[in-house]
Amino acid sequence: MRDTGSTEKTRRPMSPRRKKYWLSLGAAGVIGGIIGGWTVADQPAGRNAIEMASSGSLSESFAIGASLFWTIGLALCMILYHRVIDDHEERAWLWAGLAGWYAFIVPTPVWWVLHRAGLAPPADAMLLFLLSMGVNAIVYLWLKFR
């Protein structure tokens, strides 16, 4: 019988290393999702997302629980992640981390000085965090997939 040139590919099973890689990323995503959902559930009725993120108060139990969950959960995910990544991904991760760090340390003192002179509002740590994470993500994705 003649081969008809089927383009169907057989999938190879994932290696243990690749499974651990996706487990570490998936677990980190689940941790973020749980904290995000918990944050929304912790808010009083009628509070919008902007108010929640900028000036809304949080309950003490949420703040303690989410802080512990974030710190311990992500520490475990990071340990697993760094044990399974290859040299290419490690290099992308390190450069992205450095770019994210620069995106934090350059505007932070500028904003602080401008605030001290009455030219800007108080520095917003979460906004600076999001800026550094955005730069980190862009550099990481560019280096990993170029």
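Me: A residue counts as buried at under 20% relative accessible area, as exposed at over 50%, and as partly exposed in between, with a 1.4 Å probe and protein chains only. On that scale, is Q43 buried or exposed?

Reply: The model here is a predicted one, in which local features need pLDDT of at least 70 and side-chain atom pairs count only at pLDDT 80 or more, while totals for chains, interfaces and linings use all residues. Residues are numbered from 1 along each chain as its sequence is written, and side-chain values use heavy atoms, with hydrogens and water left out. Q43 has a relative accessibility of 12%, and therefore counts as buried.

Me: Where does Q43 lie, and which residues is Q43 in contact with once its neighbours within four places in sequence are set aside?

Reply: Helices are DSSP runs of H or I with at least four residues, strands are E runs of at least two, and both are numbered from the N terminus. Q43 belongs to the loop that joins α1 (16-42) to α2 (49-54). Contact means heavy atoms within 4.5 Å, and, apart from neighbours within four places in sequence, Q43 touches M52, S57 and L58.

Me: How should I read the chain as a whole, and how many helices and strands does the protein chain have?

Reply: There are six helices and zero strands in the protein chain, and the pattern read along the sequence is α-α-α-α-α-α. The C-alpha trace spans about 80 × 35 × 30 Å along its principal axes. Of the 146 residues in the chain, 18% are buried.

Me: At what angle do α4 and α6 pack, and how far apart are their axes?

Reply: Two packed helices are described by the angle between their axes and by the distance between the axes. The axes are lines fitted to C-alpha atoms, for helices over the stretch in contact, and the angles run from 0 to 180 degrees between N-to-C directions. Helix α4 (residues 87-105) packs with helix α6 (residues 125-145) at about 150°, and their axes are 7 Å apart. By this angle α4 is roughly antiparallel to α6, given that under 35 degrees counts as roughly parallel, over 145 as roughly antiparallel, 65 to 115 as roughly perpendicular and the rest as oblique.

Me: Which residues of α4 and α6 meet?

Reply: On the α4 side they are H88, E89, A92, W93, W95, A96, G97, A99, G100, A103 and F104, and on the α6 side L128, L131, S132, V135, N136, V139, Y140, L143 and K144. By class, the contact of α4 with α6 has 13 nonpolar, five polar and two charged residues, where Ala, Val, Leu, Ile, Met, Phe, Trp, Tyr, Cys and Pro count as nonpolar, Asp, Glu, Lys and Arg as charged, and the others, Gly among them, as polar.

Me: How do α5 and α6 pack?

Reply: Helix α5 (residues 107-116) packs with α6 at an angle of about 155°, and their axes are 11 Å apart. This makes α5 roughly antiparallel to α6. P107, T108 and W111 from α5 meet L127, L128 and L131 from α6, and the residues of this contact divide into five nonpolar, one polar and no charged. W112, likewise found in helix α5, is partly exposed at 47% relative accessible area. The C-alpha atoms of W112 and G29, which are 83 residues apart along the chain, lie 32 Å from each other.

Me: Are α4 and α5 roughly parallel or roughly antiparallel to each other?

Reply: They are roughly parallel, as their axes cross at roughly 10° and come within 4 Å. Y102, A103, F104 and I105 of α4 make the contact with P107, T108 and P109 of α5. The class count for this contact of α4 with α5 is six nonpolar, one polar and no charged.
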